[in-house]
Amino acid sequence: MASVLDIDVPRWDQATFMGRLRHFFNITDCRTALLPDSRLDEAKALVEGCRAGSVPPGTTEEQLYYAKKLYDSAFHPDTGDRMNLIGRMSFQVPGGMAITGFMLQFYRTVPAVVFWQWVNQSFNALVNYTNRNAASPITLKQIGIAYATATSTALATAVGLNLYTKRAPPLVARWVPFVAVAAANCVNIPMMRQQEILNGIVVTDENGNKLGHSRKAAVTGITQVIISRITMAAPGMIILPIIMQRLERYRFMQVRLHLVFMVPAACSLFPQQCSLATSKLEPELRESITSQYGDKVKYVYFNKGL
């Protein structure tokens, strides 16, 4: 019955890639981005009621699972606050598809490269901020520095490579946007989440009990996010230019539907709730855990963000 459903137990096994893929296909469904806030708030109320053991009579399991899908797609896992629309992973398909297309099409002139890299990094900065580990606060000044640094890196890389490849084959020039995006991700994400690196993120035991803050856990999580984001962009920005190079002879373009698959696939590379062996933590945190729990806590857990 729906009333006994543990809504926070994942519907699919998060220890396997296929389980995580099904989960992220579910919550990155771009159709959820079209729903009004009132519908999302209704889903949140149903999920919170289920957690409290109060479910409206006649509610089915499928209705609860759908409410949890909407909740996971629109509300931050750390704070429970509704995320801004553009920063949600469910908006990555339409938003990222459009920007990727423009970057791959308008790459021949420096002004076009500058403009679309700026648009892309503005979009990425908002996504990175929205999907950070929200337990680590960040100031407006730090957000501004992170945005300026990442955007400058992307522009410098793109413009530099654009000038360098002027005499290169057209296909090589089409790969410039990917190199710029990859370089910017290596700067944008750590800068936007610098507080996590400096002060550590909350780690818990398997029951969710807080054990302390770990910088090593933060670095592990952020590294995995960078790998996922570059993987997300790679097929479309490496393979599609080859297709486009051929299709341009016939004067039509192919829709960039790679993100429909790559957004959930890249998010699924690593579990969102990461684990780290206690033996790999900072000595002071490891000693604190050992003094309280002995050898019972073998692993700690934390939200790596997306």
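**Fold and salt bridges in a predicted model**

The protein exposes about 15,100 Å², with carbon and sulfur atoms supplying 62% of it (Shrake-Rupley method, 1.4 Å probe; for residues, only the protein chains shown count as cover). This is a predicted model, so to speak: local features need pLDDT of at least 70, side-chain atom pairs count only at pLDDT 80 or more, and totals for chains, interfaces and linings use all residues. Residues are numbered from 1 along each chain as its sequence is written, and side-chain values use heavy atoms, leaving out hydrogens and water.

Twelve helices and four strands turn up in the protein; these are DSSP runs numbered from the N terminus (helices H or I, at least four residues; strands E, at least two). Of the 306 residues, 49% are buried, meaning under 20% relative accessible area, with exposed over 50% and partly exposed in between (1.4 Å probe, protein chains only). Valine 113, in helix 5 (residues 110-130), is buried at 8%.

As for charged pairs, a search of the whole structure finds ten salt bridges, each a side-chain nitrogen of Lys or Arg within 4 Å of a carboxyl oxygen of Asp or Glu. Aspartate 37 pairs with arginine 82, with the closest N and O atoms 3.5 Å apart. That pair links distant parts of the chain, 45 residues apart: aspartate 37 sits in helix 2 (residues 37-51), arginine 82 in the loop between helix 3 (61-74) and helix 4 (92-105). Glutamate 196 and arginine 193 also form a salt bridge (2.9 Å, N to O); glutamate 196 is buried at 2% relative accessible area, and arginine 193 is buried at 3%.
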